[in-house]
Every structure is written in structure tokens, then in C-alpha cells.
Amino acid sequence: MHAQYPGFANPELLEKIPLTARTILDVGCAGGALGADYLRRNPSCRVLGIERDEAAAAQARQRLTEVFTGDVEETPMPFEAPDGIDCIIYGDVLEHLVDPWAVLKAHARHLSPQGTVLVCMPNIEHWSFVARLLTGKFDYEDQGLFDRTHLRWFTPRTMARALGEAGLELSDAMPRPIATDQAEQFCAVMAPVLEALGVDQQDYFNRAAPLQVIWRARKAAPARLELTATMLAPQGGVSDVRVIEPLRALRTDSSLYGNIVSEAALQPRLEDTPRIAILHRPLLLGEAGLRRVRALLEKDYVVVSEFDDHPMFMEERGVNLDELLTFRGVHAVQTSTPVLAEALLAENPEVAVFPNGVFELPPVHNFQDMEHLSLFFGALNREKDWMPLMPVLNEVARAVGDRLRFRVLYDQGFYEALETPHKSFEPTLVDYAGYVRELGAADISFMPLEDTPFNRAKSDLKFIEAGASRVCALASRVVYAGAIQDGKTGALFTGPAELRAALLRLLAYPEATRRLADGARAYVARERMLAYQVAARAQWYRGLWERRAELNEALRARVPELFV
């Protein structure tokens, strides 16, 4: 039956699958689209599927770890899972079963201790059901809300009851409203009837608007934790990598409530819930900085500064470090590299390192023309790093002609310094996703860094982004030697001579260049996914909250004027 459904994943359901899962089971997996998309976020996961349609199951086997073809009601658990299943997914499935209650109870026994059940179900309270009944036009269809193979119907209340009877604790429910303007019109027309029945119109609208509802329930739900972050205006992907995507990853844990707001809007959303305020690169100076932190302390936040640059960055821009509270005036600091952590420990002993990671491996679509390779450069404020190397780039470009094509993003000076007609320039992109697409269309990514104290504190983000998109890194040894295996996951150079040799080699042997890019993608998939940081980040934040009395005393000792 599921083979007739579209071969793409439900995006809202995908966002709810916990990224900490080691084993997940997709019941009614169809062609495996949901599991395949999830594996690009958590490649180390074991993804199991149950599918009764032979053709769909054959397709799913090309995507998932293991697939069983059969009836889930006859064989609820056809797999060995000695450590339990971390997430069991029913994506528009339970309504097709004769006894979905029995299946839920059987599967709940196979959950790991904190395992999650995800249910996406059609909502029988949707206004279109009532409209069809009133107009005498209730007819079954091949798919959708009125699918002729639906055997059971649920309201949000009856689904909540079914999950509870299976021994699960409810975490949350997310409605999926579609065409709400039509729902509003229907409710307005029905207002006299609703009033006569004693039904509140707004309450009915809330129940009648969702076409579907996505439920999350757990075998044993840990305590809630509220994570609220501020964010600088996006520039070059920094906000995405350090704020948006980590919070997105954390939110896949149903016990973590995360959102991004302006600092002025920082306000606890959940009563009596532990809360962390994460300030993105805050410039906390003097009395104004003291007032900002005091306002958060009065709301009982544990305050964390998210900062991924060396403090000298601020000093070089004229900031008086004696007045700076960005590091010492908060409870804790999180950063991206051990070198930065070492510099920040002088200001605050509570420093955590969360390396830059990738939320999702992008689809691969480069190395389409092995006779012509493209080199990508996309960075800001890097003139001192690339200028000494520009003569070599131009020399190689003259030697190989249109076999080497340049794709330049952001840096017009770099583009204009290239002495070749085989180049393109994009001054800016709307969002980080656009940057990733532009990078992923190239074959080689150029990453020069001069050997300076400031550069040595930078992260290897450019390599991680390139590797995720299967783009071969051509990088300085500064910073990147710590992550790139020269000749296995990329090409390293020190100075113009090594750059010339490395670039010519990449162009001469494109198949070998692609193998380096494949090796980089495999490294990122194995080591540098944000999925692998969720547990550590959550544990650190929970630990900070548990130690907040101690942290407040340490903060009082560092900055007593905060508590005046």
C-alpha cells in the first residue's frame, strides 16, 4: 500500500527523529526515503525498516541497513536488537492496521531505556471530514486523508490515550495544519452550530485545522531543559554553524526545548524548568554589559557565551579588554577549538569545546566533468592569506587553460586578481544553504591561511564543509594539518612551491582528486556530524544547571559588581 505514496520524506517527521539514536525502526518504511535522509544526518545509525510491499522493500534495501518484508502485525520485531530500539517511527501507518494498539504495546517492550516513539497520524477531527459528511460526499480515495486502506481513525486525544496505554510518557504533539484559511472559513460558517452545542469556536478550530498530528512519546522521559540562544546577523555561515544547526540538532531530543530570540526577548517559556541562555558572540562592556547579564540572572538563567574567535580579535578592533565581560562576566563559555579554549581559560575556568560539525551531508553533484575541474574560494577578509599565493594560481591557470575554472564567492579582490577568463563571481548569497550549494558544485576548495597567532586559533570549518559536500580540500598546513590526512582526505601545502605542485597534481589526476574528496566525506560522516555532539552538549548544559549555585559564587568572585 505504501508503494503508492510519494518517494520523499516527511520533513517535519524527519526533524523529530533523535540524532542520538543508535538504532531506529521505521514501520511501513515504503521505499526508505525517510531513513535515507536520516542517515545523511546520523550516518553511524543502524536503520531498520518493515515494509509489506515487495517492490517498495526492494528499493528500501538499497537505502537502509536492513529491511524485512512482511506484515508488522504478524511479525512485530523481525530484527535482533539486544540493546533495544532508540526510536520507532510510524509515519502514517497505524491507521492501516487492524490492531494498532497491540503493535504499539509490543514495540514499546523493545525500546531502549529512554527510547522514543514517533507517530504521524491523520486527524479525523479535520474540518474536511465534517464538511464531507454534511454534504453527503464522503468517498474513499487512493491516498491521503480518505485513503481507502485506512482501517482505524484517531483524534489527538485517542492517540494520546493509545500511547499512554502502551506504557509511554507523552513528550509533545505537533499539529500539521494545511490550508488554514479554509478551516477558518468552515469554522465561521459553523459558528452558530458550535455555539448551540456549547463548543468554543477557537478550541474547535485548533482541533479541526490540523490535517495530521506528529506525536513524540518516550519510555522514560528525562527532565525538560530550556535552551534559548541569541544570534548575530548571519554572515558567512557562522551563525548557522555555531547557533542554528546545533540547536536544531539538540531539539531532536524531546526533552530539550530550544529556540532563538533577540536578547531583549529572552524570557523563560516553561515554568519551573532549568534554563540556559546562550549569547552568540556578545559584546559585553562596562556598565551596559553588567546590566545585560544582571537582567538574565534575575530571570534565573545560567548564562553561556558562545564565542569562536581569539580574544585578540576584539582587542585589534579597539575593545578595551579591561572592561570586557564577554568571557569572565558569564557562567561559562563554549568555543570551537582547544587553542581557543586555552586562551579563554585565563578569563573563565568553565570552558567547553564543541568542534564545528555538519548537521547533514548534502547530496553529491560535483565531479561531473573530469576534463574540467572547478576551484572554489569563498571567504571574507582573507586578502593577507591569499595574496602571496595568487602568482602561483595565475601561473597554473595559464598553463592548463580551461581545465581549471574558478568559482569565487564574496571576495571581489580575489576574483579580480585572477588572470584568467575561466572564472565566475558571486558577491553574496541569501543564506548558508546557498553557500553550501555553491561550494558543492565545485571540485576543489582553496583554503589558504598564513601562519599567525590569530589564524592558528581558527577552526577547520572550511575543510569540514568541503568534505561533507565531497569537495577536495587544497589547504594550508596551518590549522588544517590537524584534520586533513595529506594524500588521503585532501592536499596540504606550505608556501607557493608546494601549492603549485599540489594543484597541478589534482588537475592531472582527477580520479585521484575525487578519491581524496570521497575520503574527506567519509571522515566527516564518521567523525564530524553534529549528531555525535548532541549527548555531550546536553550533558554539559544539564551539568551547568545542576551546579548553578557554585557557578553563581564563582561569577560573584570574578565580577562582584554584577551582584550589587
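Mentor: Let us begin with the term itself. A residue is called buried when its relative accessible area is under 20%, exposed when the value is over 50%, and partly exposed in between. Please bear in mind that this is a predicted model.

Trainee: Is arginine 281 buried or exposed?

Mentor: Its relative accessible area is 17%, so arginine 281 is buried. Aspartate 309 is buried as well, because its value is 10%. These two residues form a salt bridge, in which the closest N and O atoms are 3.1 Å apart. Arginine 281 belongs to the loop between β10 and α11 (286-298), and aspartate 309 to the loop between β11 and α12 (312-316), so the bridge ties together parts that are 28 residues apart in sequence.

Trainee: How many salt bridges does the structure hold?

Mentor: There are 33 salt bridges. One of them joins the side chains of arginine 40 and glutamate 360, with an N to O distance of 4.0 Å. This pair links distant parts of the chain, 320 residues apart: arginine 40 is in the loop between α2 (33-39) and β2 (46-51), and glutamate 360 in the loop between β13 and β14 (373-378). Arginine 40 is partly exposed at 22%, and glutamate 360 is partly exposed at 25%.

Trainee: Which residues are linked with Arg40 and Glu360 in a network of salt bridges?

Mentor: The network also includes Glu15, Asp37, Arg41 and Arg248. A further salt bridge joins glutamate 438 to arginine 407, their closest N and O atoms lying 3.2 Å apart. Here a helix is linked to a strand: glutamate 438 is in α17 (residues 432-440) and arginine 407 in β15 (residues 404-409), 31 residues apart.

Trainee: How should I read a sheet?

Mentor: Strands of a sheet pair through backbone hydrogen bonds, in either a parallel or an antiparallel sense. In this model, seven strands form an open sheet with mixed pairing, in the order β3-β2-β1-β4-β5-β7-β6. The edges are β3 (66-69) and β6 (169-177); each has a single partner strand, so one side of each has no neighbour in the sheet. From one strand to the next, the twist averages 15°.

Trainee: In which sense do β5 and β7 pair?

Mentor: Strands β5 (residues 111-122) and β7 (residues 210-218) pair in the antiparallel sense, over seven bridges. Within this pair, valine 117 stands opposite alanine 217 of β7. Helix α6 (residues 156-165) packs on the sheet and touches β5, β6 and β7; its direction makes about 20° with that of β7.

Trainee: Which order do the strands follow in the six-stranded sheet?

Mentor: The order is β9-β8-β10-β11-β12-β13, and the pairing is parallel. At the edges stand β9 (256-260) and β13 (351-353); each has a single partner strand, so one side of each is left without a neighbour in the sheet. Strand β8 (residues 225-229) pairs with β9 over five bridges, and the bridge partner of threonine 228 is asparagine 259 in β9.

Trainee: At what angle do helices α20 and α21 pack?

Mentor: Helix α20 (residues 495-508) and helix α21 (residues 510-527) pack at about 105°, with their axes 5 Å apart. Angles from 65 to 115 degrees count as roughly perpendicular, so α20 is roughly perpendicular to α21. Leu506, Leu507 and Ala508 of α20 make the contact with Pro510, Thr513 and Leu516 of α21. By class, the contact has five nonpolar residues, one polar residue and no charged residues.

Methods: Residues are numbered from 1 along each chain as its sequence is written. This is a predicted model: local features need pLDDT of at least 70, side-chain atom pairs count only at pLDDT 80 or more; totals for chains, interfaces and linings use all residues. Side-chain values use heavy atoms; hydrogens and water are left out. Two strands pair if DSSP finds at least two bridges between them. Helices (H or I, at least four residues) and strands (E, at least two) are DSSP runs, numbered from the N terminus. Axes are lines fitted to C-alpha atoms, for helices over the stretch in contact, and angles run from 0 to 180 degrees between N-to-C directions. Contact means heavy atoms within 4.5 Å. Angles under 35 degrees count as roughly parallel, over 145 as roughly antiparallel, 65 to 115 as roughly perpendicular and the rest as oblique. Ala, Val, Leu, Ile, Met, Phe, Trp, Tyr, Cys and Pro count as nonpolar, Asp, Glu, Lys and Arg as charged, and the others, Gly among them, as polar. Buried means under 20% relative accessible area, exposed over 50%, partly exposed in between (1.4 Å probe, protein chains only).
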